[in-house]
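Here is a short briefing on one protein model. Keep the structure open beside the text while you read.

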Amino acid sequence: MSGEGGLRARKKLRTRRALVEGALRLFAEKGYEETTLAEIAASAEVSTRTFFSYFAGKEDVIFFDGDTRLHRAVELIGSRRPGESVVELLVRAIEQSLSARPSAVGLDPVLGPVQVRLIMTVPALQARALLLLFDSQQQLARALARAFPGELDLIEASAAVGAIVGASKLAAMTAVERGDPPELVYAAVRRAVEVTVGGLTTLDRASRLTG
């Protein structure tokens, strides 16, 4: 049974990847609004009905990795290492997020910038992205405050998360907008983190004084 279950899981993962890749390619070629669900399903050689067993609609395909990345980041922050500082923990979370780039999970690496570009230019996706960003930052801030009991309050944790996540997102979007290849996009994110870290070290000094 375990072998059969593993085979089914791998088949579902392949189908999911095929749907995501097919959708992103179609969006890049035809446009987001012009691409139909039937075309996306056909690109993965499945039925439209099968598409709906993986995604609720086109928006969900664009944000296919959001929930997983957020869950992993919250888990990582919750597993703070002994003596790990605020900055060290947040940088580790960003590095984990970068390691989960499309190429690392089996997707064509050129599709990462396509995903970002669509989010930047399609109004419906922009609105969805803002809602998801607000929710994810709140969850990360709560996790960070829990990781530093008696050292960080929720306001400080929110400021730290907002600074480093905001800088990372804006740097990535700027790099994509000017046409940088994927590796330079990730380099821009790391540079933004380095710049932000200089300001966040004040929280580490404060936590050492109160700890």
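Glu 59, Asp 60 and Arg 128 are linked in a network of salt bridges. The model is predicted. A search of the whole structure finds ten salt bridges. Side chains of opposite charge can pair when their charged atoms come close. The points below cover the fold first, then selected charged pairs.

**Fold and chain**

- The protein chain has ten helices and zero strands.
- Among contacts in the protein chain with a separation of 6 or more, 67% join residues 24 or more positions apart.

**Surface and burial**

- The protein chain has 211 residues, and 40% of them are buried.
- Its accessible surface comes to about 11,600 Å².
- Carbon and sulfur atoms account for 58% of that surface.

**The pair between helices α10 and α6**

- Arg 190 forms a salt bridge with Glu 95, and their closest N and O atoms are 3.2 Å apart.
- Arg 190 lies in helix α10 (residues 182-210), while Glu 95 lies in helix α6 (residues 86-99), so this pair ties together parts that are 95 residues apart in sequence.
- Arg 190 is partly exposed, with a relative accessible area of 31%.
- Glu 95 is also partly exposed, with a relative accessible area of 34%.

**The Arg 92 and Glu 84 pair**

- A salt bridge joins the side chains of Arg 92 and Glu 84, at 2.8 Å from N to O.
- Are these two residues buried or exposed? Both Arg 92 and Glu 84 are buried.

**The Asp 65 and Arg 69 pair**

- Asp 65 and Arg 69 form a salt bridge, with 3.6 Å between the closest N and O atoms.
- This pair counts because the distance falls within the 4 Å cut-off for a salt bridge.
- Asp 65 has a relative accessible area of 16%. Buried means under 20%, so Asp 65 is classed as buried.
- Arg 69 has 28% relative accessibility and counts as partly exposed.

**The three-residue network**

- Which residue is linked with Glu 59 and Asp 60 in a network of salt bridges? Arg 128 is linked with them.

How values were computed
Residues numbered from 1 in each chain as written. Predicted model: local features only at pLDDT ≥ 70, side-chain atom pairs only at ≥ 80, totals over all residues. Heavy atoms only, no water. Helix = DSSP H or I, 4+ residues; strand = E, 2+ residues; numbered from the N terminus. Buried < 20%, exposed > 50% of the residue type's maximum accessible area, 1.4 Å probe, protein only. Contact = heavy atoms within 4.5 Å. Areas by Shrake-Rupley, 256 points an atom, 1.4 Å probe, with all protein chains shown as cover.
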